[in-house]
Amino acid sequence: MVGLDVARQAEGSPRRVAAVWVAGGSWVGSLVAVTVGLVLGGGNPSPYLLVDSIQGLIYPAIGGLVASRRPRNPVGWLLVGVGAAHGLDVLAGALLLRGVPLAAWAESWLWFPGLGTLTAVLPLVVPDGRPPGPRWRPVLLLSVGAVGLATLIAMAQPTVQGRPGEVLTNPVGVPGADAAVGPAFLLYLACSVVAVASFVRRWMTADRDGRRALLPILVAMVVVVLALVAVKVVQALGGASAAGPLVQAVVLPLIPASVAVSVLRYRLFDIELVLRRSVVYLVLAMLLGAVYAALIFATTGLLRNRFPSVPVTVATVGVALAFAPLRTVVQRAVSRVLFGDRDDPYAVLSGLGRRLAAARRPGGALDGVTELVCETMRVPAASLISRNGTVVSATGTLPPATLRLPVVIDGEEEGALLVAPRAPRETFGRRDRELLEDLARSAGPALRSDRLADELRRSRERLVAAREEERRRLRRDLHDGLGPALAAITLQLDVAAAQLARDVCAAGELLADVRRSAADVVADMRRVVSDLRPAELDDLGLPAAVERVAERISPGSPAVSVRCAPLPALSAAVEVAAYRIVQEAVTNAVRHSGAQRVTVDIAARGGDLAVCVEDDGNGLRPDAVPGVGTESMRERATELGGTLDRYARAAGGTRVTARLPLEPR
């Protein structure tokens, strides 16, 4: 089973293929040992046969999955070894009942390597197969040595327990080995305490992702300890002695299941459903067992053994009534722990909506989106980028292999949501992708709003810069041009006034010079005013002003024709923007396109002033880069909340189209 399922997913590396076969062979061997042991030992009175049988089947199965997926990680192989030891213990117990003397010796120590590995070794190396640090390596070696030493002492005891009430001589016993049992057990116990303490310390000092990986193991350990303590308390109060093995059989498989979840980061190839159901039914069996035991204990105490069948009946009915609601609660809790909020997309999208609505600054709505993705999907990292490659929000560090989900709104890609897999070389299932696509779509309007807010900010910065530049130019023109010219006229008038009484002819010549200088000043003033707002717009209106500027730019060839439909009253800003866009577009067509004809079309359409300038020239090269003139036209349109496009015509030539809102937006 294990080898077959994993082999389908293996990537073909020799190491992994070998791991698949070894893990599958180990599970098959343990299955054979347990099956043969149960068949041969049908009359075995030991209540712990069920515990060893379950561990002999579950541990190598889960360990085989881990080892096949992570062949370099010793954690999977440790679980396989623990299961194999329990399987052989079941077989040894059955052979003992059949009168095989050597089986008594094997059964006397086969149970210990599994227990010792679980308590003294495994907590030091989960989940990555390495101790917490270099300082813990001697502790790991000591723990391995303690388990091995205790096993050897158990193997060397002079006598072993045979059938009930029977003591046999150990064929490989060593005299005096009994004296070393106590010290060896204390050493093993100390190593177990240190190992568990190291695991707790690792969990307390880990980051968020590290705690998330270790949390399933910690929960399983707490559940196992509490369950075993509860059984001891019930037995001490006179409860059923058979509850101990039953509870162990239910809770001990939680340890390998939690280790697998931690090592493989919540996904085992494509067996997500198997994993979830396994954990659900293990937890459910434990809870129902606790309910059953509690009802038996309570009703037995109340009835004081007057009606022996009533406690069993009450407990059975209670378990039957509790099964359905407990199953629903446990399934939701396990799904949330393993796979996040994927099974509740409404809650995820509702959380995203609340985060977007809680933004208190422009462009800040997406700050926590990736954190929400990581929390709800149980992924280590996510990033949201805009269409120009800017990282808008990021959580964690993305690996090279990530899932890219485009963020599309109105058919236009606004950016992308990048999500790291839960584990290396892992893929997202259909339900994961559907929820992530919903999140990406929901983030689209906020991402566009963030981009528009950034563009608005930069546009305002450009407006401020343009205004200051315009002021600087005006100051320069007035200070360096008009100012000296007016000062020179004043001096000339003073000289003419002084000459008037002595030489009228000389004074007349000076006044003629003053008149020419004044005319030059008037021309400069008109130029400055025209740069601010063309006088033609006020004198002639937009249609005639556009015709006149076209005639000035191209008095002969190429021919420039202007078509202008009747226009509503236009604001001064729209008139200037349309005039300057036409002026720049016609200038580019005349100078650079080699066109024979240029057409200007101006009309009011759908609340916008549509301006189109097209020519039949050479068109745009594929590698053409927008120049200063094109950027100037686009900025004029953007300042008013409009748009400008420049592209090559299918029939040849270039078309420049601008849409300027008639009303402010």
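Reply: Start with a pair of helices: H18 and H19 cross in the right-handed sense. The contact uses Leu542, Ala545, Val546, Val549, Arg552 and Ile553 from H18. From H19 come Glu575, Ala578, Tyr579, Val582, Gln583, Val586, Thr587 and Val590. Keep in mind that this is a predicted model.

Now for the geometry. Two packed helices are described by two things, the angle between their axes and the distance between those axes. H18 covers residues 542-553 and H19 covers residues 572-592. They pack at an angle of about 25°, and their axes are 10 Å apart. An angle under 35 degrees counts as roughly parallel, so H18 and H19 are roughly parallel to each other.

H19 also packs against helix H20, residues 628-639. The axes of H19 and H20 come within 10 Å and cross at roughly 160°. An angle over 145 degrees counts as roughly antiparallel, so H19 is roughly antiparallel to H20. The crossing of H19 with H20 is left-handed.

Which residues make this second contact? On the H19 side they are Val576, Ala577, Arg580, Ile581, Glu584, Ala585 and Asn588. On the H20 side they are Gly629, Met633 and Arg636.

Next, the sheet. Five strands form an open sheet, in the order S7-S8-S9-S11-S10, and the pairing is mixed. S7 and S10 stand at the edges. Each has a single partner strand, so one side of each is left without a neighbour in the sheet. On average, neighbouring strands here are turned by 10° against each other, direction ignored.

How do the helices lie on the strands? H18 lies across S7, S8 and S9, running at about 175° to S7. H20 lies across S10 and S11, running at about 145° to S10. So much for the helices; now go along the strands.

Is Ser561 buried or exposed? Buried means under 20% relative accessible area. Ser561 has 18%, so Ser561 is buried. Setting aside neighbours within four places in sequence, Ser561 is in contact with Arg597, Val598, Thr599 and Val600.

Move on to S8 and S9. S8 is residues 597-605, and S9 is residues 608-615. Eight bridges join these two strands, which run antiparallel.

A disulfide is a covalent bond between the sulfur atoms of two cysteines. How many disulfides does the structure hold? The count is zero.

S10 takes in residues 643-648, and S11 takes in residues 654-661. These strands pair in the antiparallel sense over six bridges. Thr643 stands opposite Arg659 in S11. S10 and S11 form a hairpin with five residues between the strands. In that hairpin, Gly652 takes a positive phi near 105°.

For comparison, look at another sheet in the chain. Four strands form this one, also open, in the order S4-S3-S6-S5. The pairing is antiparallel. Its edge strands are S4, residues 391-395, and S5, residues 403-409. Each has a single partner strand, so one side of each is left without a neighbour in the sheet. The twist from one strand to the next averages 15°.

Inside this sheet, S3 (residues 382-386) pairs with S6 (residues 412-419). They run antiparallel over five bridges. Ile385 has Ala416 in S6 as its bridge partner. A helix lies on this sheet too: H14, residues 369-377, lies across S3, S4 and S6. H14 runs at about 30° to S4.

Finally, step back to the whole chain. Its secondary structure comes to 20 helices and eleven strands. Of its 665 residues, 40% count as buried. Take the contacts between residues at least 6 apart in sequence: 66% of them join residues at least 24 apart.

Technical notes
Residues numbered from 1 in each chain as written. Predicted model: local features only at pLDDT ≥ 70, side-chain atom pairs only at ≥ 80, totals over all residues. Heavy atoms only, no water. Pairing = 2+ DSSP bridges. Disulfide = S-S within 2.5 Å. Axes fitted to C-alpha atoms, helices over the stretch in contact; angles between N-to-C directions. Parallel < 35°, antiparallel > 145°, perpendicular 65-115°, else oblique. Left-handed = near helix turned anticlockwise from the far one by under 90°. Contact = heavy atoms within 4.5 Å. Buried < 20%, exposed > 50% of the residue type's maximum accessible area, 1.4 Å probe, protein only.
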